[in-house]
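Dear colleague,

Please find the structure for your review below. I would be grateful if you could read the notes that accompany it.

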Amino acid sequence: MFSRSMKALFAFSAVAVLAPAQQIKLPRTADGKPNLQGIWQARSRAAYDLEYHAAKLGMPPGKGVVEGGTIPYQPWAAAKKIENFTNRQKADPVGQCYFPGVPRIMYMEFPFQIFQTPEHVAITFEWSQVYRLIYTNGKAAPHEGIDSWMGDSRGHWDGDTLVVEVKGQNDKTWFDMAGDFHSDALLVTERFTMLDADTIRYEATIQDPKVFTKTWKISMPLERQKNIDRILEYQCQAEVEEANGAFERDPRTWYPDPGAPPSPLGKPALMPPGGALPEVKTGANLRRNADGKPDLTGYYSANAGGANYGLEKHGRDFLTPGTRGVVIDPADGSLPYQPWARAERVNREQPYRGYDDPTAHCFVAGVPRSMYVPSPVQILQPPGYVVMLFERMSWRIIPLINGPLDGRAHIPDNVRLWQGDSVGHWEGDTLVVDTTNLNGKTWLNEVGDVVSHAEHVVEHFIPTADGKITYRATVTDPIVYTRPWTIEIPLNRGSDELLEVACHEDNGDLQHLKDVRDEYRAKQKKGNQAR
Amino acid sequence: MRIGNIVLVMVTLMTGTLLAHHSFTAEFDQNKPVKLSGKVTEMKFSNPHSWIYLDVETNGKMVNWALETGSANALIRRGWKKTDLPAGTVLLVDGWQARNGTATANVSSVTFTDGRRLFAGSSNDAAPQK
């Protein structure tokens, strides 16, 4: 490995003598490719309008990024664009928190992080925790004829330029806030060229014979964001629904943000330690990465035994599946609830509470629920990180630290996130992940197992054989429980690829659940008035 | 008909094998079982759930029912294509109506007129292991 990168360095030096333009030294990966890893953001006003434009309310002015200045619309499409522009306040799909599509996601005014392995380039965005998984392994998409909001991205290296072809996008996204649009025939070819260690030239060639008279191209710089060491979350739809009251604060479990009512529960008591857990041995002869650590990379499904319908064992109840029970500590398999929280858990099974489960709103499942919702996860191991991409669009970025959790502090306590703040380290062949700063908005499953903002999760990913991980999560939450507890769930590697779950874009159920809740509340109100 | 290739001999009731993202028990009513028969008007491939729309004649009036099935991704992984359930296909459906009384149902079984059953999606979390 070392010698390969040295060779690459020598080869690079030889070229550099001949080509002065390339004398700038680029960071490179172990396999000699330009190293795009890091946090980036576009420097342009392209998100508002790709063309040169004056200001409008909520739309800062800006220089265009379209080569040649204007987008070559067919006449009907030029008229449609003007209609979109006129109606943009209501018609912009991103205004409704729908996935932005490619290339728009690349130049929205939110940072994103690029991760790079020999087989993948992953881009995780702060905006709604959208991600792109770009396959650079030469494989074709395993499922044909699917369209999605973010499309299917396949990449390859053309010298030092990463070239990505994006196909299969639906016709519902726009290029910008100004209403520039496309059809489902869109083909985007992106080129990522590193100009220096802190700048990428981003180009996107747009082909769509249904809408344009010819192929056209945009180009802009992406700048490394040196002042931030992690990206946070802007969950667009959750912010909308919290602001307009469609999703309501529970002061018992949510983090007490400034101006919010204090928790009625008072300060949590100290907890005794959890019980001893049975030992699980890591596998012999595991496949390993260049750094000697077990290779966990891949597409995994949890054999979760219905954990998304209850962590404790229970039978089937009408349309709620029965569960295996995944609690291994306490040994009797029951969660050590405080009395108020057990009562809340039981209450959450009432039909009128179905609306309160954040995943019914298509919000992020949180930790540990993201690991056992019934949809797959892709694990990547780029240098310095473990990254998890969830099919129900969200991500967890886990920076790896050396040794135990002593040096690196989590982010400030008041910054609360749906997926929390995670750091990881290796204990032998076991990956240990420590997660804090959770927001207390999530439920642990559909029957409403309870967790609060005091939740602290320690996860163990124990590779027992290639493609087999014993997953354990120990949850310490002194607001809800009397002692820590641990669940255990096997994760199995498969050969498929992730698809896209656009959830709130097509959520036909939420209104039904809201009707059930509203009817209950109306009855309660009537009952109170009658009294 | 193409559907013939898709219908699997293994018949799993759709209920409980769906990729739920919300509580079905909360949305649908155990006390409102429905038996429907009618023609498919659309099969909507979507996440978190796909929907079969069915024109059902009730008391001389045509009502378009929305029948909730598995996620598009589960269907795709089962080899389904968008075109596999064409409009006009006649289906017989057992299920439970939504609590809010709309023409919406969670389906427990869907059969063709010749008795074959339609498999409509499954979850990788499917039936819990006991």
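Predicted model: local features only at pLDDT ≥ 70, side-chain atom pairs only at ≥ 80, totals over all residues.

Residues are numbered from 1 along each chain as its sequence is written, and chains are lettered from A and ligands numbered from 1 in the order in which they are written.

Chain A is divided into domain 1 (24–224) and domain 2 (236–506), with bounds from an automatic or database domain assignment. Their centres, taken over C-alpha atoms, are 32 Å apart. In chain A, 24 residues of domain 1 are in contact with 25 residues of domain 2 (C-beta atoms, placed from the backbone, within 7 Å). On the domain 1 side, β2 (112–116), β3 (120–125) and β4 (131–135) of chain A each give two or more residues; strands are DSSP runs of E, at least two residues, and helices runs of H or I, at least four, numbered from the N terminus.

Within chain A, strand β13 (residues 385–390) runs antiparallel to β14(A), with six bridges between them (pairing requires at least two DSSP bridges). A hairpin of three residues connects β13(A) to β14(A), and A:Val386 has A:Ile398 as its bridge partner in β14(A).

The contact between the chains involves 42 residues from chain A and 34 residues from chain B. Helix α7 (residues 510–530) of chain A gives the most to the chain A side, with four residues.

Yours sincerely

Notes:
Contact = placed C-beta atoms within 7 Å.
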